[in-house]
Amino acid sequence: MRDRITAFLVLLPSLVAVGIFVYGFIGQNLWVSLTDWGKNPAQALALRPELRFVGLENYRELFSGLVDVRFRQSAVNLIFFTLFFMAGSLGLGLLLAMALDRGPKGESFFRTVFLFPMALSFVVTGTIWRWLLQPQGGVNVLPTLLGLPPLSFPWLTTREKAFVFDWNDLPFFTAIVVGLILLYLGWQAHREGEKRRRLWSLLSGGVLLLWAFTLGRNTPLLPYPEPHGFSLALVGVILAAVWQMSGYTMALYLAGLRGIPVEVLEAAKVDGASEWQTYRHVIFPLLAPITLSAMIVLGHIALKIFDLIFAMAGLDYAPTDVPAIYMYLLAFRGNQFAKGAAIGILLLLLVAVVVIPYLASQLRKEVRR
Amino acid sequence: MRKWLLAIGVALGLSALAQTGKLEIFSWWAGDEGPALEALIRLYKQKYPGVEVINATVTGGAGVNAKAVLKTRMLGGDPPDTFQVHAGQELIGTWVVADRMEDLTGLFRQEGWLQAFPKGLIDLLSYKGGIWSVPVNIHRSNVMWYIPAKLREWGVTPPRTWAEFLATCQTLKRKGLEAPLALGENWTQQHLWESVALATLGAEGWANLWSGKLKFTDPKAVAVWETFGKVLDCANKDAAGLSWQQAVDRVVQGKAAFNIMGDWAAGYMSTTLKLKPGTDFAWAPSPGTSGIFMMLSDSFGLPKRAKNRQNALNWLKLVGSKEGQDTFNPLKGSIAARLDSDPAKYNAYGQSAMKDWKTNRIVGSLVHGAVAPESFMSQFGTVMEIFLQTKNPQAAANAAQAIANQVGLGR
């Protein structure tokens, strides 16, 4: 009993501190995001600003307001950045780990070299890569080493886009993606023989898809088409980010590869599996948990990315904008505190979507132990 | 101990010595602009040796970082004694409307500044019967820079209107100059826009735009975007990656013929690049704006509840004085806001700007905070973005008007 009291007393200060400085402030931020703080310049920076409750107005404006086109562009940028950054880091990290796993000469040297970028901060990485990606220098003059004409790709300043779609189609695409995921879950439930889960997944997925293909395109968010897409100016940023983080995934994968028992690999060999088959059916499945934890770490880095883009392209260049940057601009340059808070809440939700399932599964594991 | 101090004070016969305590000056003047501020602080220390001056500089061009720090401090109830701010709406629309600043009209009367500064400037500093900051310098925004020798080589003259400019641009393009106009990152594009707008709308129309009398959706204002689009076709495509200095470099290197930039470009070319103003490089009002001086000004204000109010007031007196301005400006590369400043202390460009400052019609700059509040300015970048993406003048005009309504422009 005394032990318990001592334990509680020791924990109490940090519980209180976390309660106030993390959850209290999240709560305050949520409240601010539901007000009009910043709409009226006379109130924005007043000593005691009067805040009026406006409900979800700020969120509505972000997604379908006339002047918040930059938020929508930054949201689209964030999605593409996250996808390519994760795929690039995981892919490159795995390749490097597989190469090092074969024990080449100077393995530890290469291991150190590949891990080095992770020791740098994103600001340093960004500055270096900004120099490398100058239109008339760095990467673009590489071909001249082979006697070829230099490239002239404006890495960080192009306005070109790929995968362009109309923002008004967002509900349509979201419904299709979510619907398909639900159908997949239903199929899984079917295989596992869980009837209730199957019913609900199939039903809700079907309804969503039905809505998408009947009414989905008839409810435009904006009165005019607004094209968005993968901004090619982000390619340079993604290169730099992958360069920085692939060493980390390499280290994770290498540890994973080294952790696979030799007996398993030998058993595969005895069974006559080719090298590719061994990878496909033995090694990769064993690496899956590592991939998951790497994805969690990379995912939340990607969602919070700010400093790298700040250093490479600056705050003002919209084609490389992400929500974190737009939030900073809105709140600290434009005094639109409520709208900035709304973006903060959206980012928190996104990170939660990535992190909470992982935390939940970890907790469940610990409880089982 | 106190007697001893008093004795020295009496002995020196300086009443100013009675002034003690601290003075915290908040600014974003570091790097190239640091020496000018330091000279002014030295002057202050000579006059008030008992005061400990704290130079709170937050680096970052145009105050991008400093403004965020200032906001945090003001909201946290810890205002500096005085802070640098772009004169005009940037101060008024942010801090004055929030009732955070002291009215300085009394100081202006007492120091005779109502006569020392031109009326156009006083108008830009005024709001609801008060005058809210002391301008220390003046920069001009609507200047076109070129290299005379290069223009002779190409056989063209500096254009006087945007129509002439576009014609000259075609001539130069035919002679193989890919981008006759050098352009830099985001804000320099907005800087170009304000020169085009001033020429298209005229001084009157420009002022009406900011007082809300002329709507952005008015055909005259939409025409600004049309001209702006054509002018952009003369500019380099990699603009977003260049700083304003790199854009000036293009003109100096002969890769471009013209650059529209504020007159800090003169400081860059004469001090950093060692070019001689008037011969190695030359300037003209940006096309269609001769006789109009589009100004911006750095100024200092007095926040309410400043901890060392009297020391701050003494600082403001110094900042607005002839001595203070003539100490600061030759080093900063700007001109004095006062009309009685000494031309001998300035170089050829400075003297020509001083002449225009006294005779031209004065209007305020948008990008540099004189005519529109921060809440409009920070979203104007979005309007520019909409235009660059869609190339649709009407879409840009609609967005600009939407923001103007939202922030209550001119109210």
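Mentor: Let us begin with the contacts, bearing in mind that this is a predicted model. Counting residues on each side, 27 residues of chain A are in contact with 32 residues of chain B.

Trainee: How much area do chain A and chain B bury between them?

Mentor: The size of an interface is often given as the accessible area lost when the parts come together. Here chain A and chain B bury about 2900 Å² between them, and 56% of that lies on carbon and sulfur atoms. On the chain A side, Leu45(A), Val67(A) and Arg333(A) supply 21% of the area that this chain buries against chain B, more than any other three residues.

Trainee: How many salt bridges does the rule find across the interface of chain A and chain B, and which residues form a salt bridge?

Mentor: The rule finds 1 salt bridge across this interface. Arg159(A) forms a salt bridge with Glu385(B), their closest N and O atoms lying 2.7 Å apart.

Trainee: Turning to a strand, are the faces of strand 13 of chain B covered or open?

Mentor: One reads a strand by taking its two faces in turn. In strand 13 (residues 298-301) of chain B, Asp298(B) and Phe300(B) are buried on one side, while Ser299(B) and Gly301(B) are buried on the other, so that both faces are covered.

Trainee: Which strands do bridges join to strand 13 of chain B?

Mentor: Strand 3 (residues 82-86) of chain B runs antiparallel to strand 13 and is joined to it by 4 bridges, with His86(B) standing opposite Asp298(B). Strand 6 (residues 134-135) of chain B is also antiparallel to strand 13, with 2 bridges joining them, and there Val134(B) has Phe300(B) as its bridge partner.

Trainee: What helices and strands does chain A have?

Mentor: Chain A has 14 helices and 2 strands, and of its 369 residues 41% count as buried.

Definitions and conventions:
Residues are numbered from 1 along each chain as its sequence is written. Chains are lettered from A and ligands numbered from 1 in the order in which they are written. This is a predicted model: local features need pLDDT of at least 70, side-chain atom pairs count only at pLDDT 80 or more; totals for chains, interfaces and linings use all residues. Side-chain values use heavy atoms; hydrogens and water are left out. Contact means heavy atoms within 4.5 Å. Buried area is the accessible area (1.4 Å probe) that two parts lose on being put together, summed over both. A salt bridge is a side-chain nitrogen of Lys or Arg within 4 Å of a carboxyl oxygen of Asp or Glu. Buried means under 20% relative accessible area, exposed over 50%, partly exposed in between (1.4 Å probe, protein chains only). Two strands pair if DSSP finds at least two bridges between them.
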